[in-house]
Amino acid sequence: MADFLAIWLPSWLALTLAALVHVTLILTLALTAAAAFTWAERKVAGRIQDRLGPTRVGGRFGWLQAVADGLKLVSKEDIIPRNADPLLFRTAPYVSFCASFCVYLALPFANGWVAQPLDIAVFFVLAVAGLEVLGVILGGYASGSKWSLFGAMREAAQVVSYEVPLALCAVIPVMVAGTMDLVAIGNMQAGWAWNWLIFHNPFLFITFFIYFTCAVASVNRAPFDLPEAESELVAGFLTEYSGFRWSVFFMAEYASMFAVSMLAAILFLGGWNGPLPITVWLGLAPNPATGYEPHALLAYFGNFLGMVNILIKATLGVLLMMWARWTLPRLRIDQVMTMCLKYCIPLAAVMFVGTMIYLYAFPVGLIFRSGGG
Amino acid sequence: MINPVAEPVSLMHYLVVGAILFVCGVVCMTAKRNAIGVLMGIELVLNGANLNFVAFGSPYLQSGGAPSLGLDGHLMALFVIVLAAAEAAMALAIALSFYNAHATVDVDQANELKR
Amino acid sequence: MGIVFHTVLFYLLAILACGFAVAVVLSNNIVRMAFYLVACLGAVAGLFFLAGADFVGALQLMIYVGGTLVLLIFGVMLTARGPLANIQTSRAQWAMVGLIGASLLAVLLYAATTAGKWTHSGQIVADRSHVSKPTATPIGLALLGVRADRLNAERTDAALGKGMAGYLLPFEIVSVHLVVVLIGAAYLARARRRATTPPMAATSGDSNNLDPGD
């Protein structure tokens, strides 16, 4: 896009404009997703508990509930406790939100539709996603309340531990794909559903579930929401937060939930490629078998279908997390740590070695064809 | 009067930033009495050094035909980061141990051998 | 007179890095120091990206900012309570330290700015802002002892072998070192249960039942 604008504008202006457009698009997506998921969360919770959920605000399904929630939060008084460290207390939500928002800079939405194509995209995404914890820890500490401090300490212990198996699980598809470039990994899985990396070998199939468990833990969702744990810690690190700052934390949580689901979709579930190669049949995507290259406009439409595809997959991931939240009871902190250190890390390591051996034994894969089509 | 933002960045710019970080780290190490504050100073010093390594290794900052450190600079920075993590873990363990024994993290209180 | 985007970003990140580094020094509150340090190291990661070291930059974010500093803040939370959070340094010490720091800074700045080779950039860097060479693969190969980046040199004779020295041995040494540190840190920081210890000491091993103090 910067190249396109640079035809008419000086290069620095073109770069700035392109960057602004990218950031606006991503920000819109993150905020819309957060709003949609607050509504979905209430609906899912209601259905699981045999209730209707919101029905009144805005028509039939209460779909304006998110707006109502937002209005309520914005109009709340912004309270800063006397014991709090005002500077850190104010900044902490934005630290969290920036981190979970920056993840989207490297996440592709379709073939080539990425704000910043990076050679090390997987690594970058994992690194930046791990920074969200800093905001939570600082916010918890700066609140000057012991419940917040407990929540922050739990968060620090939990997230730092779960980053290890999470990264280990993300490395396995990277090893199979041979690249850390998320666009390349996504394109590699084009074609039928059995080209998806999750079906590449039995070890990768298990890895997906370990990844998802660790992802849920690393974004602090129930049953791993120990930093909040409202039954023991009032509201954990969120205890002293209210109004707008609370909602910023909230948006950060939903944004990172969506981000880890999107990463799972790209690494394991074929990214923007549907289970059937429909875009190839319709001539909207390049076909490596016949050497067919679609017209730019058709390719654009194909990419749009791909984006819808990956958004559906990521949304399903988030819905799965909601399902888990309203179904499973919360673990104890020692159970959380046991889960990570005694089960997830060894299992992920075994899957790593297993995939390595599998790749050595079947260099081209049994049913997996890296070309796709 | 030259316009600073119209000039390409040279190696010197990175070295100046690295020097400032280094000196801040040294000052932090010597002035702070909190053991963890001293540790933060060490992190700053290591980052200043790392910045120099990366700058010397960067292909974009060299003048004319001057040879760059190339990938060696990146690799040195990488080892520094990893060793700094190990060092931080170790130093933190020592600080916690000291805190357990003396209920303080003031390094000036760690003078038992003098007495 | 155009604006070089790369330079603008450099100045932005450099000012952030230096500003927060100075803030670390000047702040007395240990938790704020940790926060400023996080911001400073984040800006340094940005400078790494800007210098074309994308892998090192991401590593800085992952290990330094996401790992080491979280650990550090964790340590701060375990130890900083009440008066310990604000340990003051006396004025005399500040004066001495300021003198040492200023002289060191003068020496370093003199060295950095006077070497002619370092001050003039021969090439225009504006047009490379969005084509940066990937470094992850050559770094990975170098850690395994293969210097793929050196293969592009003109020389293909035996003398090339000298330049091919990889980093396999340092890599292995670092791995062993990390294991040793892991065990050592766990041993050092283990909870000692003694009767005479201050109230905090008995439980500081596990974050679960900590008394946050007041």
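Two residues count as being in contact if their C-beta atoms, placed from the backbone, lie within 7 Å. What you see is a predicted model, where local features need pLDDT of at least 70 and side-chain atom pairs count only at pLDDT 80 or more, while totals for chains, interfaces and linings use all residues. Residues are numbered from 1 along each chain as its sequence is written, and chains are lettered from A in the order in which they are written.

**View 1. Chain A meets chain C.** Here 35 residues of chain A touch 28 residues of chain C. Several helices of chain A give two or more residues to this side, among them H2 (11-48), H7 (146-177) and H13 (333-361). Sorted by class, chain A's side has 28 nonpolar, two polar and five charged residues. Nonpolar means Ala, Val, Leu, Ile, Met, Phe, Trp, Tyr, Cys and Pro; charged means Asp, Glu, Lys and Arg; the others, Gly among them, are polar.

**View 2. Chain B meets chain C.** This time 74 residues come from chain B and 85 residues from chain C. On chain B, the helices giving two or more residues are H1 (11-31), H2 (35-57) and H3 (71-102). H3(B) has the largest share, 23 residues. The chain B side splits into 53 nonpolar, 16 polar and five charged residues.

**View 3. Two domains inside chain C.** Chain C is assigned domain 1 (1-82) and domain 2 (133-152 + 161-191), with bounds from an automatic or database domain assignment. Where they touch, each domain gives four residues. Domain 1's side has two nonpolar, one polar and one charged residues.

Note on methods. Helix = DSSP H or I, 4+ residues; strand = E, 2+ residues; numbered from the N terminus.
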